[in-house]
Amino acid sequence: MEFKARELAELLGGAVDGNPEAKANRFAKIETGKPGDLCFFANPKYEHYVYTTESSIILVNDTFTPTQEIKATLIKVPNAREAVAKLITIYDSMKPKPKGIDSLAYVDPTATIGKDVYLGPFVSIGPKAVIGDGCILHPHASVGAKAIIGENTTMYSGSVVYHDCKVGARCILHANSVIGADGFGFEPTEEGYKKIAQIGIAVLEDDVEIGANACIDKSQMGSTVVKKGTKIDNLCQIAHNVEVGPNTVMAAMSGIAGSSKVGEHCIIGGQVGIAGHLTVADNTSFGAQTGLISNVKKPGQSYFGTPGIPYMEYMRSYAAFKKAGKK
């Protein structure tokens, strides 16, 4: 699909600096751009590529002032990152979507399948499960008995939603993610650890994305809940009875232990560990490898270190630690 610079500028509310008839039909990084490519520039350390790239069109912030001659056509917009994200989303939405039920898919006769659904080879839909309109289930995706999948949700290969669990609309479950496996509940006895039945469910609200090989365990009783708009990266673990607030993001290899409650708009860096039965206030951020063992009561703080402490406390402690190490 090909776009002209003037068409893109109109779509993005930007201004063309250069040839308005310049054309682009694919996206590329500015450092590897070729004729016909569209790229963007927002980070000052990449400015030298603006003058050397072979890309046909470059999205730039409207505050950018070139210091050398530029071969490409510029489209000046208020925020180049947001503009390219918008274009990529539009481009992706225009791709044809698969439809139909493959002959190798299994659908239980009591299941309910919505309109314009795609079920790939070896997809399994259990008894009384509900698949909403426009869902796309890639090969080997599995939906258990009485589970509910909201409209326009995508499940990639190997992703699993256990029985009775609920997934909202427009969710994305990447390959081998598991929604509703048993929570890690065992009672120590003289004979060893005795399993405690996990009879609850896991619930994903609308517009949640779960990364590859991430696991959201069902609750012992009640529900484990990931609220609307939350994005969870690959290889993350959400334990039983956890509640993750709306629009929180969680980077790879992080975990939240059982019964903890994380507020909305939190930012959880990579390899962060949050202990069980804690409460985390809204708008809290955690640097990579933070280990939290106590409640966060005040919203809007940044935490670092193990055990996790507020950022300025961490920096003072680190400075003292470095100084002591030099003696």
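**View 1. K99 is exposed, at 58% relative accessibility.** Exposed here means over 50% relative accessible area, buried means under 20%, and partly exposed is in between (1.4 Å probe, protein chains only). The model you're looking at is predicted, so local features need pLDDT of at least 70 and side-chain atom pairs count only at pLDDT 80 or more, while totals for chains, interfaces and linings use all residues. Residues are numbered from 1 along each chain as its sequence is written, and side-chain values use heavy atoms, with hydrogens and water left out. K99 pairs up with D116 in a salt bridge, and their closest N and O atoms are 3.9 Å apart. K99 is in the loop between α3 (80-93) and β8 (100-101) and D116 in the loop between β10 (112-113) and β11 (118-119), so this pair ties together parts 17 residues apart in sequence. For a salt bridge, a side-chain nitrogen of Lys or Arg must be within 4 Å of a carboxyl oxygen of Asp or Glu, and by this rule the count comes to 11. Helices (H or I, at least four residues) and strands (E, at least two) are DSSP runs, numbered from the N terminus.

**View 2. D182 and K195 make a salt bridge, with the closest N and O atoms 3.0 Å apart.** D182 belongs to the loop between β21 (178-179) and β22 (186-189) and K195 to strand β23 (residues 192-195), so the pair ties together parts that are 13 residues apart in sequence. D182 is partly exposed at 33% relative accessible area, and K195 is partly exposed too, at 43%.

**View 3. E21 forms a salt bridge with K4, and here the closest N and O atoms are 3.2 Å apart.** This one links distant parts of the chain: E21 is in the loop between β2 (15-17) and β3 (23-24), while K4 is in strand β1, 17 residues away. Both residues are partly exposed, E21 at 35% relative accessibility and K4 at 23%.

**View 4. F304, Y311, Y314 and Y318 form one aromatic cluster.** The structure holds 8 aromatic pairs. In one of them, the ring centres of F304 and Y311 are 5.0 Å apart and the planes are at 55°, so the pair is tilted. Y314 and Y318 have ring centres 6.2 Å apart and planes at 5°, so they're stacked. Rings of Phe, Tyr and Trp (its six-membered ring) pair if their centres lie within 6.5 Å; planes under 30 degrees apart are stacked, over 60 edge-to-face, and the rest tilted. Y314 and Y318 share helix α4 (residues 311-325), where they are 4 residues apart, about one turn of the helix. Y314 is partly exposed at 27%, and so is Y318, at 40%.

**View 5. T284 is buried, with 0% relative accessibility.** You'll find T284 in the loop between β36 (279-280) and β37 (285-286). A polar atom of the T284 side chain lies 2.8 Å from the backbone oxygen of A281. Leaving aside neighbours within four places in sequence, T284 is in contact with C266, I267, V296, K298, G300, Q301 and Y303, where contact means heavy atoms within 4.5 Å.

Terms used:
Polar contact = N/O pair within 3.5 Å; in protein donor to acceptor, adjacent residues only side chain to side chain.
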